[in-house]
Amino acid sequence: MFRSKIWFNIDYVSLLLALGLASFGVVVLAGATQGTINSGLWLTQAQWIVIGLIMCVCTFLIDYRFFIKYAVVFYIIGIIGLLLCFAPYIGLYKKGAYSWIRIGPKQFQPAEFAKLATILMLAKILGSRKEKWTGMLDILRPLFIGALPAMIILKQPDLGTAIVFGPVTLLMMFAAGMPFSYILLLFAPFTCFIGINHDIIAILIWLGIMGGLLLYSIFRKIPWTVWLPFLAISIVAYIAVFEYAETVWNQLRDHQKDRIVGYFNPEIEKKGLNWNIYNSKVALGSGGFWGIGLGKGTQSKLGFLPEYEHDFVFPTVGEQLGFVGGVSLLGLFLFLLMRALETSILSKTLQGSLIATGVAALFFSHISINIGMVTGLLPVTGLPLTFISYGGSFMLINMIAVGFLISIRMHTTKEIIEDNIMNNHPQLILPKNTENGDIWESS
Amino acid sequence: MKRKHIPLFNKTNKVERRIKFFMLLVVGFFAVLVFRLWTIQIYRQEDYLQSSLDNIQRLVPVQSIRGEIRDSNGKILAKDVNYCDVWIKLNYQNGRRAVTPAVQKSLEMLSEILGKSYKRLEYDYLHKKRDPFYKRLQVCVANRIPPDQYVILEERKMEFPEEAMIFARKVPTRYYHYNSLAAHILGLTGPIDAKEKDSEDYVEYAPYSLIGKSGIEKQYESYLHGSDGVNRIIVDKNEIQRSPSIEVKTAVPGNNVVLNLDYKYQSAAEKILGASAGVMIASTTDNRILAMASNPRFDLNEYRKKYGVYLTDPLNPFYHRAVAGNYEPGSVFKIFEAFALLEELKISPEHQVYCPGHFSKWGTRWNCHKKAGHGYLNLYEAVCLSCNVYFYEMVGDKLNIPGGRRLRKWAIEFGFEDKTGVDLPDERTPSVFPSKDTERFLDFAYTPGVGVNNAIGQGGVLFSPLQVHTAVCAITNNGVLYQPQIAQKILSHGGEVKEIFEPIKMGAVEASPKTFEAVQKAMWEVVNNPRGTGRRLKDYPNFTVAGKTGTAQAGNRGEPHAWFVCYGPFDNPEIVITVMIENGGHGGEVAVPLAQKFLDVFLDNVSFEDLV
């Protein structure tokens, strides 16, 4: 393994980007906690970065196909881990959710691991299917894989983390070449929210959408096994919403109601409803263009910014480093995401491509939901910011995810060599003796 | 290392297209985020910067130290001392104040330290008004705790939970050194209310600042108050101060007010009056008030605690009898009638009238207080013996018919129709019958009976003791009417004289010197004639007193009011004393001995301590 020219193939750009982002997070965290009781937090975070880096290296040294091969195992481990959260002695109840397990003195969030395991599993399933998307099963299988951990996490309850599985699964399905018509059908059930409005116009609009979808499906000659279930689900969901929306609303928890009401009434700023978002915007806004300087942020230190080391870390960036700092951070994120998607395009295999897409989708959903939340674009859901938020498991998983990216890029180079061999010396790649089938053995 | 070969699936162009679309999505969303950041951080930066200051910065008013009130010898009567108010951070649940476990712990500790009942504290926590300066996030649960409790509180501050932190704030509080001494004159302070805040006098006042509510405290508010300062502090989420206070505006202490009142005379007067409801006023002849006692009084320091007791007291301690009281002057009025007689009817003081013990006319009979009658008497004797018949005939019949205008004219001359203009806020307009409003009906409304009644100072003539006192002062200095003056001067906080209040002349009684002489002689007779009603005061060596007693019938309200006005020494008057005892009895028997006691103190015949 070490004999190969592997070290020259490492994607240093991704690695440095990850390290840069993590260091950015440490600096911001050190600044935000300076002079408070949390002032040692950045050291812990730095330790996690070092551990994460080691994990990252370990990850990219392994061929990503190994992970694809054992994706099922990882996936099952992930699900078991999630279930263990509810187990006595091992599971840990913290901040109102069963999202931690305790092994000795260490605590982990299995949900983080489950994200990666799900990406691998999806890549395996979506990447090894037949060329054409036919029938319901092609859609239902990845959906089920994505929904299973999400449902368990929703039970913990940790809405934010559960939501991430949605965009990741959908974006991966999208990238895997799911037909456009299927995507349309997939979104059909969401039209049920029109049912909240009991106006005759709203009902007509919904009926129009449904009719349009039906006609579209028939004209595009989509098999009825695909469109019928979706439309049936849509109709059932619509009727359910139409009838029971009020009941469901009454059963929501108070803070959830507040968040929804607050999101749709952003002008209610100060008290109660949008307190978090209001203070987050205040922290961002007080930074101005250049920021008020590292370590000088007031809103986080004086306790007005809730959870400033986890979910509301971006406002501390904006407060300390201003618009410049925020946009720089966004630039770094964009660079990383583009790199991941470039990896996805470069990859010779669909699985590699899908893993890279999944990682990009994971990062993208974390970043967009988190920053969208703190700037008031999206409703409040507790979700950390990739590489910047404080948290051990989260940092490890991010690093490993970057490890996947590097691994894919690295081994893509090998794939190119492999392709060459296959094209020029097919006898080497298709040996009669299957026991010595590995090209690396023979080369 | 053996591995199974994983079959390769060639990617289609579709996948690549999809990923490129994903890239576009990412770029698009990031553009939205950047735009959003621009909106928040640059476009609306000013607003949010202000909001961030609103979050952390508090502009806290610093109450200025209120000026002292001193007596003429510099004794401090009222002064600001530092007490502490205890505030607690409010916890809200569902938009309402809630007693969370943290709050409960705080309140329990407070009740242990302050010795207040927990229920009381909890009630205050839930119901008291919130503070505007701390964004209505705090409420005051204990007012004016003593310094020793404050020390304990500061020591144990760390034990209180942060979510329900307590804050002990020093508040200058008015302290009156002699509790109830001159309570009505000094007056009370209290927080400014909404109506006062809107008025022009209090434009620069911070809400909740302490202002004078009555007495000198209210009258000289502009001098005493000084100007409040402002401090800027940085607080955290739990309203705990996280920075040293920065002075934005310095508090300027108020000026001191020095009164004409003399602690010695004032407390002597109050002691002399004792438990009876009454008034004793002593002043110089130019009406600088040396003592103005009005009993019963209330305790200025503890009046809030005893408020219920005071309210249910039938004698009403809050009633400032000297200034706001309305009493019929009785025979005291006769000395002013004497002016009218001498000036309007142009009679000689020696003009004699026969007193048979009653006065009968118009089919009615009015009695003199001496049933047997006084026989023939002139003006001096009539004043000296306080004969009613003389005045029934001369004033009730001859002067007041028709219409009583001539008596009224002389009442106005002595300032009986208007307020005296004393520097106290709660003076009441006196009523003279016939009054301004009834003047046009006088010819038919002013019946002879009313005139006869007015002749002995009853029947609709109602003056405050200070009014009578002011008029007597005018007699002593041959007609100059001075405004009663309680404050003497204003000193700055450092002690320099800022303003001196000179005696103010309100007018002059236009009567001939002979008339003054005659009336003064009549008043001399009252005291120095062995038969005079005020004869108890005649024995002072080198100090001749002149005066007039009065006994005003109170009808079915009990005993008559006992009056006595006097001044001395006769030749060169220094002091004027007015005594009025509500439902006291006969003036000569009740009021004169009290005046005598006061004169004893004034002339240093009796040491102040012996009075007790």
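**Exercise 1. At what angle do helix α9 (residues 200-219) and helix α10 (residues 224-251) of chain A pack, and how far apart are their axes?**

Before we start: this is a predicted model, where local features need pLDDT of at least 70, side-chain atom pairs count only at pLDDT 80 or more, and totals for chains, interfaces and linings use all residues. Residues are numbered from 1 along each chain as its sequence is written, chains are lettered from A and ligands numbered from 1 in the order in which they are written, and side-chain values use heavy atoms, with hydrogens and water left out.

Step 1. The angle is about 175°, and the axes sit 11 Å apart. Axes here are lines fitted to C-alpha atoms, for helices over the stretch in contact, with angles from 0 to 180 degrees between N-to-C directions.

Step 2. That makes α9(A) roughly antiparallel to α10(A) (the label for angles over 145 degrees).

Step 3. Now the contacts, meaning heavy atoms within 4.5 Å. On the α9(A) side you'll find W206(A) and M210(A) among the residues involved, and the α10(A) side includes W227(A) and F242(A).

Step 4. Sort the residues of this contact and you get 11 nonpolar, 2 polar and no charged. Ala, Val, Leu, Ile, Met, Phe, Trp, Tyr, Cys and Pro count as nonpolar, Asp, Glu, Lys and Arg as charged, and the others, Gly among them, as polar.

**Exercise 2. Find where N287(B) and K346(B) lie in chain B, then decide whether each is buried or exposed.**

Step 1. N287(B) is in the loop between β13 (278-283) and β14 (289-295), while K346(B) is in the loop between α13 (334-345) and β15 (353-355). Helices (H or I, at least four residues) and strands (E, at least two) are DSSP runs, numbered from the N terminus.

Step 2. Check the backbone: phi is positive at about 65° for N287(B), which isn't a glycine. K346(B), not a glycine either, has a positive phi of about 55°.

Step 3. Apply the cut-offs: buried is under 20% relative accessible area, exposed over 50%, partly exposed in between (1.4 Å probe, protein chains only). N287(B), at 0%, is buried, whereas K346(B), at 62%, is exposed.

Definitions and conventions. Angles under 35 degrees count as roughly parallel, over 145 as roughly antiparallel, 65 to 115 as roughly perpendicular and the rest as oblique.
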